[in-house]
Amino acid sequence: MLFHSLEFIIFFPVVVAIYFLAPLRFRQFFLLLASYYFYMCWKAEYAVLILLSTGIDYVAALHMHKTSGRGNIFYEFPLFDILLPVGISFYTFQTLSYTIDVYRSEKTPERNFIKFALYVTFFPQLVAGPIERSTRLLPQFDHEHKFDANRVVSGLRLMLWGFFKKLVIADRLALYVNEVYNNPADYTGLPVIIATYFFAFQIYCDFSAYSDIAIGAARVLGFDLMKNFRQPYLAQSIGEFWKRWHISLSTWFRDYLYIPLGGNRVSRLRWYVNLMAVFLISGLWHGANWTFVVWGALHGSYFVLSLLTQKL
């Protein structure tokens with residue numbers, strides 16, 4: 001189910017109405033059912049995959065919490081865990097961060113399976129993020145979210161802004177971009193340059209629109225999701241760009257890959273290697289295709305080059 005589909009326009013108000021009318025003890029279960037329905041609208045079989053992922057992480061976290069003598073296991077497995085589910089969805093990183101937090105003893109395992117499953121599948125941010133940490137989102141499911149007119153209006157306004165960016169800007173720009181990019185032999189010079197600039201705004205408006213709708217929808221229900229974009233095209237460097245673009249993903253890689261590799265607390269050469277590794281794996285996460293590996297290598301190279309020439 002797409003946010004900008006007729007199905008969602010019907011689905012969302014119904015979910016909001018039932019959620020606020022339902023007794024508190026039933027709300028988590030109702031949101032879980034709604035989230036599974038939302039996900040199964042894409043393809044019913046996907047529910048099996050997400051349920052399996054949820055079950056594995058739930059059981060693994062409980063067992064890890066009981067186990068002592070972990071040694072250096074964490075540093076041997078992150079790449080393995082990241083590479084296996086490449087491209088599956090945002091929820092893969094969300095459940096992975098939960099498992100790692102439990103392993104690090106930064107989070108006690110969640111024993112309520114319904115609440116944990118809702119954390120994995122919460123429909124506003126299930127498809128395109130933001131990628132939420134368990135320490136931030138899980139506790140919110142225990143709160144009684146009362147209907148607040150001001151909060152609902154604020155959430156709806158943000159959703160409306162997201163719909164505008166998606167339908168009015170991104171989808172309109174896509175008409176020109178697709179025409180030029182799908183027929184490269186027919187266009188040269190200025191039309192290609194215009195299409196490329198249009199594509200930059202198309203992809204930003206498309207992606208950030210989904211984040212706005214997700215954050216707004218969650219806000220209507222009483223939940224607070226993290227900001228995912230902060231005017232990235234105003235950045236003055238590649239490093240600053242990645243602090244503004246898809247913030248939930250870039251901070252995920254920072255906390256669960258970059259820092260465990262040593263971050264910048266190592267030799268300068270190793271620091272650059274760490275940055276390249278993060279961007280290469282980021283490319284793989286976007287898609288199991290060599291074009292995405294090249295994309296990651298380019299951004300990693302830009303980042304390293306900016307550091308090498310910083311004094312200039």
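Trainee: What makes the pair D212 and K165 a salt bridge?

Mentor: In this predicted model, the closest N and O atoms of D212 and K165 are 2.7 Å apart, and since the rule asks for a side-chain nitrogen of Lys or Arg within 4 Å of a carboxyl oxygen of Asp or Glu, the pair is called a salt bridge. D212 lies in helix α9 and K165 in helix α8, so the pair ties together parts that are 47 residues apart in sequence.

Trainee: Why is D212 called buried, and why is K165 called buried?

Mentor: The word applies under 20% relative accessible area; D212 has 13% relative accessibility, so D212 counts as buried, and K165 has a relative accessible area of 5%, so K165 is buried too.

Trainee: How do you know that R133 and D255 form a salt bridge, and what does the pair tie together?

Mentor: Their closest N and O atoms are 3.0 Å apart, which meets the requirement of lying within 4 Å. R133 is in the loop between α6 and α7, whereas D255 is in helix α11, so the pair ties together parts that are 122 residues apart in sequence. Both R133 and D255 are buried, and by this rule the count of salt bridges comes to 10.

Trainee: Why is I18 called partly exposed, rather than buried or exposed?

Mentor: Buried means under 20% and exposed means over 50%; I18, with a relative accessible area of 38%, falls in between, and therefore I18 is called partly exposed.

Trainee: Why is Y119 called buried, while L167 is called partly exposed?

Mentor: Y119, in helix α6, has a relative accessible area of 0%, so Y119 is buried by the cut-off of under 20%. L167, in helix α8, has a relative accessible area of 34%, so L167 is partly exposed, since that value lies between the limits of 20% and 50%.

Trainee: What makes up the lining of the largest pocket?

Mentor: The largest pocket has a volume of about 1,100 Å³, and of the 30 residues that line this pocket, the closest to its centre are I203, F207, W245, H286 and F292. The lining divides into 23 nonpolar, 6 polar and 1 charged, and α9 gives the most, with 7 residues.

Note on methods:
Residues numbered from 1 in each chain as written. Predicted model: local features only at pLDDT ≥ 70, side-chain atom pairs only at ≥ 80, totals over all residues. Heavy atoms only, no water. Buried < 20%, exposed > 50% of the residue type's maximum accessible area, 1.4 Å probe, protein only. 1 Å grid on protein atoms, 1.4 Å probe; cavity = no way out; pocket = protein on both sides within 12 Å on 5 of 7 lines; lining within 4 Å. Points joined across faces, edges and corners; volume = space filled by probe spheres on them. Helix = DSSP H or I, 4+ residues; strand = E, 2+ residues; numbered from the N terminus. Nonpolar A, V, L, I, M, F, W, Y, C, P; charged D, E, K, R; others polar.
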